[in-house]
Amino acid sequence: RIRQNLREKHARHIADLRAYYDSEIQSLRQQLESSHRTAASEDLKKINQSLADSNLYVLNRCEQLDAALNEASARIKALENKNNLLEKQVADWREHFYTISDNSKVLQERLEEMRTTHKEKDNTISRLKSRLKELEEAFEKAYKLSDNKNTRLQEENRMFQNLLGEYESLGKEHERVKDTLNTTENKLLDANTEISDLKRTILKLEAQLKQVEHENALKLRH
């Protein structure tokens, strides 16, 4: 709107100048016509020369104003293009930043879920260890109490082997969860680093945009 108002102001200024000098020329012509019957030949030549000089001055002044207006319009157009380019770059970087932020949030949520799962598995392993210890104690106690309880010992041995297999399986699963957790933490760290870089880039682009807008405002006031 400021640029449009500036153009309209220049146009009105040029139109006012044209109207003013046209009025002056018309007034001089009227004076010439009124004094034509009484003025001498030399006076008529001076008036004609004055009219010609005035007309030439008006034309030169109009050409200068047109040239100044064209130059200002070209400069404003160049600043508009640069401003639009910077605004597009800022929008692209912001979109990229929001995408990275969303990915970071997803990774953070997955990390929390894996930590919770890891904690639950640790609790399960602790319970299995306690149960295994109880079975070992019961097995030793039963073994000491009687050698004739082979069936019971075999059953307890089978249960012991099953629990031992489940314990080993959970141990392997626990190691896999730990590896996945470490990988996720590394990805989250990389995402946070990239977010920091993007923030600095966005701040830099916004500073450039403000500088261009300031320069544009100065040019418009000029």
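A salt bridge here is a side-chain nitrogen of Lys or Arg within 4 Å of a carboxyl oxygen of Asp or Glu. Helices, by the way, are DSSP runs of H or I with at least four residues, numbered from the N terminus.

A word on what we are looking at. This is a predicted model, where local features need pLDDT of at least 70 and side-chain atom pairs count only at pLDDT 80 or more, while totals for chains, interfaces and linings use all residues. Residues are numbered from 1 along each chain as its sequence is written, and side-chain values use heavy atoms, with hydrogens and water left out.

In total, the rule gives 11 salt bridges. Another one joins E215 to R75, with the closest N and O atoms 2.7 Å apart. Here E215 sits in helix α3 and R75 in helix α2, 140 residues apart. E215 has a relative accessible area of 25%, so it is partly exposed; R75, at 34%, also counts as partly exposed.

For a local example, look at K88 and D92, which meet at 3.3 Å, N to O. Both lie in helix α2, four residues apart, about one turn of the helix. K88 counts as exposed because its relative accessibility is 51%, whereas D92 is partly exposed at 39%. There is also a network of salt bridges linking E112, R115 and E185.

Now for the nonpolar side. In soluble globular proteins, nonpolar side chains tend to be buried together. A nonpolar core is a set of buried Ala, Val, Leu, Ile, Met, Phe, Trp, Tyr and Cys residues joined through side-chain atoms within 4.5 Å. The largest one has seven residues: I14, L17, Y21, V58, C62, L65 and L69. Helices α1 and α2 are the elements that give two or more residues to this core, and α2 has the largest share, four residues.

Next, the largest pocket. A pocket is an open set of points on a 1 Å grid over the protein atoms alone, where a 1.4 Å probe fits, with protein on both sides within 12 Å along at least five of seven lines; lining residues have an atom within 4 Å of a point. How much space lies in the largest pocket? About 320 Å³, taking volume as the space filled by probe spheres set on the points, which are joined across faces, edges and corners. Its lining has 13 residues, with H10, A68, A72, K219 and H222 nearest the centre. Helices α1, α2 and α3 (150–221) each supply at least two lining residues, and α2 gives the most, seven.

One last stop is E80, in helix α2 (residues 41–145). At 16% relative accessibility, E80 counts as buried. Leaving aside residues up to four places away in sequence, E80 touches R3 and R7, where contact means heavy atoms within 4.5 Å.

Conventions: Buried means under 20% relative accessible area, exposed over 50%, partly exposed in between (1.4 Å probe, protein chains only).
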